[in-house]
Amino acid sequence: MKSEYIKLAKKEYRDKVKLGAKISNYYRDKIKELQLKDFSKIKAYLEAFLPKLNPIISRDIIFAHLDFEPFTTSIANKSPFCIVSGLNPSSPLHLGHKVLFDQLLYFQSLGADIYIPITNDESYLDGKVKSLAESRKIAYEEIIPSIIAFGFDPKKTKIYVMSDYPDVYNFAVNTSKYVTQQYVSSIFGDKAIDNSGKAFYRSAVQLAQILLPQLEEFGGPKPTLIPVGIDQHPYILLSRDVAKKMDLIPPSEVIFKFQSSLLDPFEKMSGSKPNTAIYLSDDAKTIEKKIQRAYTGSVSVLEVHQKLGGVPEACSVFSLLNFHHPDNEFVTDIFNRYKKGQISMKELKEITVKFIAEIVADHQKKRQQVKSIDGFLLKKPINSFLSYK
Amino acid sequence: MKNDKNLSLKELLSNKYLINGEVSPVAVTVDKIRRCQSLRLVYGETYDHYGMTLDSLKYYFFTALLAKVLNQEGIHTTATVIIGDLHSVKNKIVENKDDLLQQANNRLSFINKINSIYSLGIKPVLMSNMFAEDEFQKRLEIITPFFNNSQKLKSLAQKTVLKNRLTQEEKIGFQYTLEEVALIADFDIKIGPPRETYYDQITNIVCRELYQKDFYGVYLKPTYPLGFQFDYFVNHPEIEAFGLTPYKAGSNKLQDNRILIETTTAKECKKMIDSSFVAKNLILPNPVLDIYLISQMAGHFLTGDSLDIDEKITENPESLKEAAYQKLIENIYKPLNLNL
């Protein structure tokens with residue numbers, strides 16, 4: 001009977017190794033398929049130039065880019081540059097969002113001005129909330145204080161809720177002229193634009209958000225960086241096309257790996273599927289429960305795990321440490337020992353629960369300390385494209 | 001690098017700081033070279049109105065060092081530096097051609113001075129003198145029809161010229177390339193920058209097919225401009241990949257970012273070194289490390305200094321900058337009586 005278990009565990013190990021390879025290949029293949037550039041060369045330069053690399057870069061969480069080159073000049077000269085990163089306020093923030101905010105914070109420390117449109121209109125159009133009012137409530141009461149709690153610099157961070165910054169819609173009318181309905185359908189598919197609001201949003205409003213910092217009111221055309229997941233790459237291509245037509249500078253992108261779902265390391269953590277995600281509002285008990293149920297890179301028979309080792313590349317639990325633990329040496333040590341079977345699944349989970357519970361509790365504490373969001377809200381009227389003599 | 005008393009051919013040709021490992025075929029053919037009784041090394045360079053670069057010295061020193069190591073291994077080896085006077089004025093856009101041709105003799109004298117101060121044992125010769133020799137003309141006559149009948153050689157020749165000059169070169173039957181090949185086919189090992197690999201591939205085929213002998217190319221790491229931060233290399237991928245032409249000071253119009261040993265002052269060198277990008281990672285451009293290596297080779301020829309690289313210095317950008325400058329002054333600027 002025991003030998004049967006061992007045989008099954010060995011097969012389980014092989015399957016996990018295959019899954020790990022599938023995850024690695026997925027990103028490598030995407031670089032080729034979408035004609036992106038591997039970020040490793042830029043990483044090597046940044047490693048030589050900066051005193052310390054952020055884990056987002058040192059652990060290859062940012063793995064590809066399109067036209068990142070001009071930003072290296074800003075970083076080298078310590079001159080400001082611009083980042084836009086929107087957020088859909090349909091659920092509380094989770095650790096997948098934190099990956100994005102960690103990047104924004106890091107780039108802000110290197111000189112970036114950050115624009116964060118809170119796209120409550122998109123939440124409503126996609127049916128993720130019942131009303132615009134509800135999405136505004138989530139934006140102001142949940143999302144924005146939570147973002148501020150990450151420690152953004154108010155002088156270099158501009159947040160706006162779409163419903164309360166209608167000037168962007170005027171600008172969207174401007175951008176819409178450059179995009180045909182057919183083009184939008186070919187990029188997003190008909191399902192993603194199945195009502196007129198979605199069509200306007202995807203073909204124009206989103207572009208207006210991306211191109212907004214290049215308006216006269218914000219200093220005119222400038223290189224703009226958009227951190228995105230691989231699934232958002234088509235939006236960037238569309239915005240680059242439109243920028244060229246409008247005599248603006250085509251936005252660049254850095255593409256980051258998904259924070260994996262707790263239940264399947266090949267899927268991404270999703271706010272609408274609570275069991276796949278750890279929310280920044282979760283308590284320690286909930287976090288422990290979720291991590292205990294998570295998919296791991298370890299086989300079910302301890303003896304086999306100790307002999308063959310774990311597969312951190314296909315482990316949703318290790319992924320939490322990899323994406324969030326600040327100490328490179330610690331994470332490398334865990335990776336190596338787990339891979340050699342020197343750390344059991346139980347130990348890995350204990351370490352991870354303790355660490356994640358701590359950072360989430362810390363975030364909640366900081367969130368409680370946020371008393372005002374006013375200093376972060378973008379209110380500047382934009383009308384440069386409306387004025388006439 | 002070890003002191004050359006203990007330095008083997010294999011060690012020298014697989015030196016990670018100097019040799020461009022990706023294109024050098026020599027490291028894997030050391031055994032073949034060792035079977036030779038005698039070898040002729042060659043390094044050839046053209047020049048422009050801006051004068052001699054420090055990077056040219058890297059090639060003189062390395063060529064001399066390679067010859068020394070081969071001689072120590074019992075292979076009778078000579079080293080020749082060809083001053084490409086005629087090829088320096090070949091390009092239509094070159095101005096003041098007569099003046100530039102005149103400079104060949106000054107360059108020859110200066111290389112002789114370097115040769116004498118550092119006891120390099122290299123022999124500088126003018127391309128114009130070599131072209132006048134019957135042997136060269138005969139080789140050119142034999143190689144030309146062989147080249148014209150080979151599609152493979154023609155496609156390699158296409159890679160030796162810039163895209164905007166391709167039509168012109170095709171019209172004149174790749175004359176520049178053929179002259180270059182006929183010149184170096186008389187030698188066994190050519191030392192040059194990685195960009196010259198296509199000339200050498202042609203020469204290799206020519207030597208095997210027409211002269212039944214092997215021909216090897218040894219490529220040193222690319223030459224990079226000084227005074228730039230890392231973003232310059234990120235934004236100029238062509239320069240990052242191949243570097244500048246080491247011996248042409250005005251390569252990519254970056255003469256102000258090079259050390260021109262007859263004109264750049266020590267103070268200007270210091271300024272350029274201090275504002276340069278330095279990386280520990282050897283896959284990245286490191287023009288300051290190059291200065292350190294060139295100056296170290298100079299010190300080796302002057303006083304027998306060790307060729308070992310102190311990794312503590314190369315690990316720390318500021319120490320490397322300081323050490324590179326000090327060695328440059330002590331081992332090159334002072335002995336050559338340059339502009340301090």
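1. Basis of the values. The model is predicted, so local features need pLDDT of at least 70 and side-chain atom pairs count only at pLDDT 80 or more, while totals for chains, interfaces and linings use all residues. Residues are numbered from 1 along each chain as its sequence is written, chains are lettered from A and ligands numbered from 1 in the order in which they are written, and side-chain values use heavy atoms, with hydrogens and water left out.

2. Extent of the chain interface. On the chain B side 14 residues are in contact with 13 residues of chain A, where contact means heavy atoms within 4.5 Å. Together the two chains bury about 1100 Å², with 68% of this area on carbon and sulfur atoms. Buried area is the accessible area (1.4 Å probe) that two parts lose on being put together, summed over both.

3. The rule finds 1 salt bridge between chain B and chain A; a salt bridge requires a side-chain nitrogen of Lys or Arg within 4 Å of a carboxyl oxygen of Asp or Glu. Glu240(B) pairs with Lys41(A) in a salt bridge, with 3.0 Å between the closest N and O atoms.

4. Make-up of the chain B side. Helix H12 (residues 230-235) of chain B gives the most to the side that touches chain A, with 5 residues. Helices (H or I, at least four residues) and strands (E, at least two) are DSSP runs, numbered from the N terminus. By class, this side of chain B holds 9 nonpolar, 3 polar and 2 charged residues. In this scheme Ala, Val, Leu, Ile, Met, Phe, Trp, Tyr, Cys and Pro count as nonpolar, Asp, Glu, Lys and Arg as charged, and the others, Gly among them, as polar.

5. Domains of chain B. Chain B is divided into domain 1 (9-219) and domain 2 (230-333), with bounds that come from an automatic or database domain assignment. Their centres, taken over C-alpha atoms, are 23 Å apart. Each domain of chain B brings 33 residues to the contact. The area buried between the two domains is about 3100 Å², and carbon and sulfur atoms give 65% of it. Within domain 1, Tyr17(B), Leu54(B) and Tyr118(B) lose the most area to domain 2, together 26% of what that side buries.

6. Glu238(B) and Arg195(B) meet through their side chains in a salt bridge (3.7 Å, N to O). On the domain 1 side, strand S1 (38-45), helix H3 (54-72) and helix H5 (97-118) of chain B each supply at least two residues. H3(B) gives the most to that side, with 11 residues. The domain 1 side divides into 18 nonpolar, 6 polar and 9 charged residues.

7. Salt bridges in chain A. Over all chains the search finds 34 salt bridges. Lys137(A) and Glu141(A) form a salt bridge at 2.9 Å between the closest N and O atoms. Both residues lie in helix H7 (residues 132-148) of chain A, 4 residues apart, about one turn of the helix. Lys137(A) is partly exposed at 49% relative accessible area, and Glu141(A) is partly exposed at 47%. Buried means under 20% relative accessible area, exposed over 50%, and partly exposed in between (1.4 Å probe, protein chains only). Elsewhere, Glu122(A), Asp126(A) and Arg202(A) are linked in a network of salt bridges.

8. Lys90(B) forms a salt bridge with Glu179(B), with 3.2 Å between the closest N and O atoms. Lys90(B) lies in the loop between helix H4 (85-88) and H5 of chain B and Glu179(B) in helix H10 (residues 175-184), so the pair ties together parts that are 89 residues apart in sequence. Lys90(B) is partly exposed at 32%, whereas Glu179(B) is buried at 8% relative accessible area.
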